[in-house]
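Open the structure in a viewer and keep the sequence beside it. The stops below say what to select and what is there.

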Amino acid sequence: MKYFSVIFVYLLLVMSGSVFAQSLVEDANLSLPADSSENTFTETIKIISSSKKIFILTNNNQQLGPGDFVSLALNNNLAARAVVAKTHQGQVGIKILKIYSLTQWGRLHRDQEVQIIKGDDSMFGKKPVEKVDESATAKIKSEDDLYTGDVVVDDEIGVFDDNKNRHIKPDNLVALTGAFLEASEVESKGGKVRANEFGLSWAYQFSDNYYIEGLYGRAMIDDFPAGGVQTLVNHMTARLKYNFKGPLYTFFMPYIGYHTYTVSSPDAGKSGAPNADAEELDAINKLKKSGPVFGVTALRRLVPGWFIKADLGSDIINVGFAIEF
């Protein structure tokens, strides 16, 4: 009989232990969130202990149970971490485990609505991480790939690349150039004089690879057509161009157009000697010319957006730098 009693008690303990363990597992399973999107809701603070470590909250959403880990937040800013200790008559008692923000913590008071985050709060208030499309980046394998349009996905270009027939995508090319201007000396002196002509040009792509360009050049010739005399020459040109793509990031633009030179030399022909004055005025008039022009512009890309530019034509031979935009 004695041994039977011991065996009975042992079986009773085993059975009750298994039932108790099963109850704990069921409670734990009930406390796990079914859907993370439903784990944030609003409750109201009813009572705060003097130590501010124990809170009594409403349980209107009926989602809180003993053992649940929750976080309190105000305006999407975490204040504290807590555990649910007890539920009773539609209210829950929680014990504060950790304070996230003393500022938010100090704002908590009775009859205040707070955000409750049930379970994991690691992503609360954070923006989702956007997935980076590395397909375009993967196309950049050397510095040469920086010059191609392949490193940008076509869908991302949008209206900037509506027409893929253009060898140069932007519409505008602006250049600063330098050239030499030669002027014939007066007949009695012979030879020629040379001055620097600095120019500014602007080409606009009005259709695929078709450009219209305006060029202005300016040169100041000293001691021409006589000693102590300065002569200002203004050079204006209008061109129509077509762009061809060459090798090694080069572009060639044959052009036709019209140009004109205007000359200003107020002191020319005022020496008082008729023959010398006539020769000086004749030298000035030879600089005044207008007419059709033709030639070719060569562009060599240095880095994206920047070029070396050279004009080789009947109107001028120059070299400079250009920028696209």
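Select E197 first. E197 is buried, with a relative accessible area of 4%, in a model that is predicted. The cut-off for buried is under 20% relative accessible area, so a residue at 4% falls in that class. E197 belongs to strand β8, which covers residues 192–207.

Now show what surrounds E197. Leaving out residues up to four places away in sequence, E197 touches T177, G178, A179, L181, G217, R218, A219, H235, Y261 and I316. Pick A179 from this set: the C-alpha atoms of E197 and A179 are separated by 5.0 Å, although the two residues are 18 residues apart along the chain. Then pick H235. Its side chain makes a polar contact with the side chain of E197, at 3.1 Å.

Move to T177, one of the residues that E197 touches. T177 is in strand β7, residues 172–184. Is T177 buried or exposed? At 8% relative accessibility, T177 counts as buried. Beyond its neighbours within four places in sequence, T177 is in contact with E197, F198, G199, N318, V319 and G320. With N318 there is also a polar contact between the two side chains, at 3.5 Å.

Next, zoom out to the whole protein chain. The secondary structure comes to four helices and 15 strands. Of the 325 residues, 36% count as buried. Among contacts in the protein chain with a separation of 6 or more, 56% come from residues 24 or more positions apart. The accessible surface is about 20,200 Å², and carbon and sulfur atoms hold 59% of that surface.

Turn now to the aromatic rings. A pair of aromatic rings is described by the distance of the centres and the angle of the planes. The count for this structure comes to five aromatic pairs. For one of them, select Y210 and Y242: the ring centres are 4.7 Å apart and the planes stand at 65°, so the pair is edge-to-face. Y210 lies in strand β9 (residues 210–222) and Y242 in strand β10 (residues 230–242), so the pair ties together parts that are 32 residues apart in sequence. Y210 counts as partly exposed, at 39% relative accessibility. Y242 is partly exposed too, with a relative accessible area of 26%.

Select F251 and F307 for another aromatic pair, again edge-to-face, with 6.1 Å from centre to centre and 75° between the planes. The pair links distant parts of the chain, 56 residues apart: F251 is in strand β12 (residues 250–264) and F307 in strand β14 (residues 306–313). F251 counts as buried at 2% relative accessibility, and F307 counts as buried at 0%.

The last stops pair a charge with a ring. Select R194 and F180: the charged end of R194 sits over the ring of F180, 4.9 Å from the ring centre. Then select R239 and Y255, where the charged end of R239 sits over the ring of Y255, 4.2 Å from its centre.

Terms used. Residues numbered from 1 in each chain as written. Predicted model: local features only at pLDDT ≥ 70, side-chain atom pairs only at ≥ 80, totals over all residues. Heavy atoms only, no water. Helix = DSSP H or I, 4+ residues; strand = E, 2+ residues; numbered from the N terminus. Buried < 20%, exposed > 50% of the residue type's maximum accessible area, 1.4 Å probe, protein only. Contact = heavy atoms within 4.5 Å. Polar contact = N/O pair within 3.5 Å; in protein donor to acceptor, adjacent residues only side chain to side chain. Areas by Shrake-Rupley, 256 points an atom, 1.4 Å probe, with all protein chains shown as cover. Phe/Tyr/Trp six-rings, centres within 6.5 Å; stacked < 30°, edge-to-face > 60°. Lys NZ or Arg CZ within 6 Å of the ring centre and 35° of its normal.
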